[in-house]
Amino acid sequence: PLIRPRRLTQAGKVGSRALAERSALLQTNQMLEQRVQEMMTLYQIGKAVASLTDLDAILARIVEASVFLLHAEEASIMLRDRETNELYLRAQKGLGETQARGFNLKIEDTLIGSVVKTKRPVRLARDASDDALLKVVTGYLVNALLYVPLLLRGRVIGVLGVANETAPRGFNEHDQLLMEALADYAALAIEVARQHKALRNWSEELAVADTIAATVEELRDSLATDDPDIQGALHRIDGAAQILVRLAERETPEDV
């Protein structure tokens, strides 16, 4: 009678150990599936950035991916206005109509502004024992938030942020790594869009200058006159066209 309970106890231990191993294996599989999903999402966004068919669509996908990957309730991209040194909303997901309405935020004395000034992320969560909620950029309260800078050549051009207004879940270091990757994609997409715009403007300016120069040559050939006034006018026009050409060639898209 004493041996049977002992054997049952040994069997019970083996069974418990097997259940624990199976549970650990399931958790590992779930984590691997999550990592694969994260990599696929980042890969798809990278492809979209490379194609750059529509900047608005790419930024919208980035905030959607932020909400999806971090299980957040809302996300936003705010860009820095160089002239006013303020932040303005450029893309959002999950914000209410009131919060999403256009607004500008001063960088000074704001939580999100500290990300711009320090070039460092901010990750905060409300203490479970604390009744005070966190105040975010639009003035409403949340349980947790994460802001990361959009960095371009060492300069902060904006901030990507996520928040949970009602869900108690906070954000961890892995979430921050994902957000930093998404912020890099956003910064790259914005820079490529700016370069494309600069290239178009540069090409148009160069085409105008070339057209002026060609027109002057046609006029000079067709008039074939020694009148000093006419020749002087053509010379001045030609000189202005050459200046435009040199300025257009000097202001390459890489310098914008």
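Helices (H or I, at least four residues) and strands (E, at least two) are here DSSP runs, numbered from the N terminus. The model is predicted.

**Exercise 1. State how many helices and strands the protein has, and in which order they run.**

Solution. Step one is the count, which gives 6 helices and 8 strands in the protein. Step two is the order, which, read from the N terminus, is α-α-β-β-α-β-α-β-β-β-β-β-α-α. Step three considers how the chain folds back on itself: of the contacts with a separation of 6 or more, 56% are between residues 24 or more positions apart.

**Exercise 2. Find where the confidence of the prediction is lowest and where it is highest.**

Solution. Then go to the elements: helix α3 (residues 97-100) has the lowest confidence, at a mean of 56, whereas β7 has the highest, at 94. Finally, residues 252-256 have a pLDDT below 50, although this stretch has 9 contacts in the model beyond near neighbours in sequence.

**Exercise 3. Describe the largest nonpolar core and the surroundings of I77.**

Solution. First, take the overall burial: of the 256 residues of the protein, 34% count as buried. In soluble globular proteins, nonpolar side chains tend to be buried together. Second, identify the core, which has 36 residues, those with the most contacts inside it being L59, I62, L70, I77, L150, L160 and V162. Third, trace its origin: α1, α2, β1 (74-81), β7, β8 and α5 each supply at least two of its residues. A second, separate core has 16 residues, among them M78, I107, V115 and L145.

**Exercise 4. Work through the salt bridges D56 to R90, R153 to E191 and D175 to R169, giving the distance between the closest N and O atoms in each pair.**

Solution. Side chains of opposite charge can pair when their charged atoms come close. A search of the whole structure finds 4 salt bridges, and three of them are followed here.

- For D56 and R90, the closest N and O atoms are 2.6 Å apart. D56 lies in helix α2 (residues 55-70) and R90 in strand β2 (residues 86-93), so the pair ties together parts that are 34 residues apart in sequence. D56 is partly exposed at 46% relative accessible area, and R90 is partly exposed at 30%.
- For R153 and E191, the corresponding distance is 2.8 Å. R153 sits in the loop between β7 (144-152) and β8 (155-164), and E191 in helix α5 (residues 173-223), so that distant parts of the chain, 38 residues apart, are linked. R153 counts as exposed at 64% relative accessibility, whereas E191 is buried at 10%.
- For D175 and R169, the distance is 3.0 Å. D175 counts as buried at 4% relative accessibility, while R169 is partly exposed at 31%.

**Exercise 5. Which residues form a nonpolar patch on the surface, and what accessible area do they have together?**

Solution. Start from the accessible surface of the protein, about 16,000 Å², of which 55% belongs to carbon and sulfur atoms. The patch is formed by V36, M40 and Y43, with about 320 Å² of accessible area together. To place V36, note that this residue lies in helix α1 (residues 3-51) and counts as exposed because its relative accessibility of 51% is over the 50% cut-off.

Terms used:
Residues are numbered from 1 along each chain as its sequence is written. This is a predicted model: local features need pLDDT of at least 70, side-chain atom pairs count only at pLDDT 80 or more; totals for chains, interfaces and linings use all residues. Side-chain values use heavy atoms; hydrogens and water are left out. A salt bridge is a side-chain nitrogen of Lys or Arg within 4 Å of a carboxyl oxygen of Asp or Glu. Buried means under 20% relative accessible area, exposed over 50%, partly exposed in between (1.4 Å probe, protein chains only). Patches are made of residues with over 30% relative accessible area and no salt bridge: like charges are joined within 9 Å, nonpolar side chains (Val, Leu, Ile, Met, Phe, Trp, Tyr) within 5 Å. Accessible areas come from the Shrake-Rupley method with a 1.4 Å probe; for residues, only the protein chains shown count as cover. pLDDT is the predictor's confidence in each residue, from 0 to 100. Contact means heavy atoms within 4.5 Å. A nonpolar core is a set of buried Ala, Val, Leu, Ile, Met, Phe, Trp, Tyr and Cys residues joined through side-chain atoms within 4.5 Å.
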